[in-house]
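Open the structure in your viewer and keep the selection tool at hand. The tour below goes from one selection to the next.

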Amino acid sequence: MEHVFFPPLSRVAVCGGTHGNELTGVYMVREMQKQTMDKDGPVSVTAVLANPPAVDACRRYIDTDLNRCFTDALLSAPLTDSSPYELRRAHELNAQFGPKGSKEAVDLLCDLHNTTANMGLSLILYSLDWITLHICKYLQSKISSPVRVIQLNIPISEVYSLEAVGKHGLAIEIGPQPHGVVRADIYNMMKKAVDLTLEWLQKFNTGSIFEGGEVEAFTFAKSIDYPRDPTTGEITAAIHPQLQDNDFKLLQPGDPVFMSFSRETVKYEGEPLYPFFVNECAYYEKKIAFHLAQRKNLSIPTISVKRD
Amino acid sequence: MEVEEVERLPRLSRVAVCGGTHGNELSGVYLVRELLKVKKKKKKEEEDEDGGAMSVLLVLSNPRAMQQCLRYIDTDLNRCFTHACLIGPTLDKTPYEMRRARELNAMLGPKGSAGAMDLICDLHNTTANMGLSLITYSDHDWICMHIFRHLQRQIPDTPVRYIHYDVTSKESYSLDSVGKHGFAMEVGPQPHGVVRSNIYTTMKSGVQYMLDWVHFFNSGVIFDGGFMDVFTVVKHIDYPRDGETHNITAAIHPQLQDRDFCLLRPGDPLFQTFSGETLRYTGSEPLYPFFINESAYYEKGIALCLARKRIKG
């Protein structure tokens, strides 16, 4: 099997509150900031609240979604007086942890999120990155409940989310949790995921060899919106009870997807695919009822740290 | 067998169903919109078949908050209905919800007067695992209690409970207190800003059975007395908080989370701190918790409410 070597990963950023009402990450970061971060030796970990005013207001964002502000285009465009708050903040975070695409960027940026969808622990990646895929494999091996890997194939210049600022990036998404609420079970799961990620880094940096193999991943295919009233734009149906909470269960043509408020069922038309982000609160305004993905097995090589 | 006395009460000819009192509690928003659509369609097709027996007014209480999918714009509308709030002067700086409360009081009240709605049903959602709960200010309002019992019998697959806040009429602060009889119909768990089909269906059934009951009542049906469980609120408990920042330092313990209406005993786990410690319930009396981990109550300093359960006849 192929064996790939990487330089040590010594600088890590853990971000919470990128969406101010996704509370697990907020409280994780606050807790991490309370403890001294030098215990991990060769790894320096910075824990940061990405969107403090949104956290204070317990809102997803103030002006615009921070986690859509990190494309190359948006990061290089000059700021003006009328720039939305989150765009300014994106520039600040890019300066602190990036610049995106440069050798000064942090080695790993881990961004913590919650969803109202029943997605359990999901790890979101933007490309085929052996480091982050190995972290995923490690978490899957250590956590007994399902850990899903979601891959969105977007060229790095167009990746719009915070974790793209790091040389390697990973979003940890855990649900279901209502926004504005912190559940202990979800917090415990997030803590485990973050601790295991830091543990993996520690092992990697001290020379462990991580065997290659196959990682099952869900690769984004398309999104489906709610049925809407053509005049008002209001949704006219909710996710069907047989789809609700069934993220990652194969959706076949003819399966119910929506139930209208007048009790009519709308069925799925299209190829068999795997739904996720089913009924995510923040996606109503983005016109997304759920995403659909293909399931693939990704091959990853053996990796270890490159000794100079 | 004893012959029970039949309590005779005036007919309920004017009923209001209100949704969107909190703009992000979406079941009520979509249900009232749906009922308005149906009513509009019916009006086009035929005369109101009930004749004069019962009129149902459908109200979207807080349209501005609904538009932004927020609980409220300036202040919680559902705390603006005390006598003091309702009679105050309306000035330029009066918060939006205070003004709106006075409009709603004119439309559905005035509170305490003979002209007020006979029954107000105010639709709410909660992030807590409370099934369908009717929340009222009285433990001897036979109308509300009979409606409760009817719902309990007609909706067997959802837990239905009756919660009583022991507050005087003058101090009662919520929209449902404007009517001669009133209650909040609270259905959960549902995240705010989300509409779940099963929760919508439960609320739809709740409203439909309530209106059916009022119709039967108005037509002279006699409803047998009986006994039922009433949860009377005793107190609430806040989260442990950091002395300086006031941020919460713990979450509801996993063994309490989602266990609304399961008896909480002294010594039972209550909170889990973010550093992993368990904090236990130190009250002297076992009580029934509800509104466990309601999102909107973090800012009100409420992690859970506690009630005594009694049997009322």
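This is a predicted model: local features need pLDDT of at least 70, side-chain atom pairs count only at pLDDT 80 or more; totals for chains, interfaces and linings use all residues.

Residues are numbered from 1 along each chain as its sequence is written, chains are lettered from A and ligands numbered from 1 in the order in which they are written, and side-chain values use heavy atoms, with hydrogens and water left out.

**Stop 1: Glu186(B)**

Select Glu186(B), where UniProt, in an unreviewed entry, places the feature "active site". UniProt positions are given in the numbering used here, feature names are shortened, and annotations may be inferred rather than shown by experiment. Glu186(B) is found in strand β6 (residues 181–188) of chain B. Helices (H or I, at least four residues) and strands (E, at least two) are DSSP runs, numbered from the N terminus. Is Glu186(B) buried or exposed? Its relative accessibility is 6%, so Glu186(B) counts as buried. Buried means under 20% relative accessible area, exposed over 50%, and partly exposed in between (1.4 Å probe, protein chains only). Leaving aside neighbours within four places in sequence, residues in contact with Glu186(B) include His124(B), Asn125(B) and Phe291(B). Contact means heavy atoms within 4.5 Å.

**Stop 2: His150(B)**

Next select His150(B), in helix α5 (residues 142–154) of chain B. His150(B) is buried, with a relative accessible area of 13%. Beyond its neighbours within four places in sequence, His150(B) is in contact with Tyr209(B), Trp213(B) and Phe216(B).

**Stop 3: residues 228–309 of chain B**

Select residues 228–309 of chain B, which an unreviewed UniProt entry gives as "domain: AstE/AspA barrel-sandwich hybrid". This stretch is 0% helix and 37% strand, and its end C-alpha atoms are 10 Å apart.

**Stop 4: where chain A meets chain B**

Now show both chains. Chain A gives 30 residues to the contact and chain B gives 29 residues. The two chains bury about 2,600 Å² between them, 56% of it on carbon and sulfur atoms. Buried area is the accessible area (1.4 Å probe) that two parts lose on being put together, summed over both. On the chain A side, Tyr27(A), Val182(A) and Phe261(A) lose the most area to chain B, together 21% of what that side buries.

How many salt bridges cross the interface of chain A and chain B? The rule finds 3. A salt bridge is a side-chain nitrogen of Lys or Arg within 4 Å of a carboxyl oxygen of Asp or Glu. Select Asp245(A) and Arg196(B) to see a salt bridge between their side chains (2.7 Å, N to O).

**Stop 5: salt bridges in chain A**

Select Arg89(A) and Glu92(A), whose side chains meet in a salt bridge (2.8 Å, N to O). The two are 3 residues apart in helix α4 (residues 85–97) of chain A, so about one helical turn separates them. Arg89(A) is buried at 11% relative accessibility, whereas Glu92(A) is partly exposed at 44%.

Last, select Glu216(A) and Arg295(A), which form a salt bridge (3.7 Å, N to O). Glu216(A) lies in strand β8 (residues 213–224) of chain A and Arg295(A) in strand β13 (residues 290–300) of chain A, so the pair ties together parts that are 79 residues apart in sequence.
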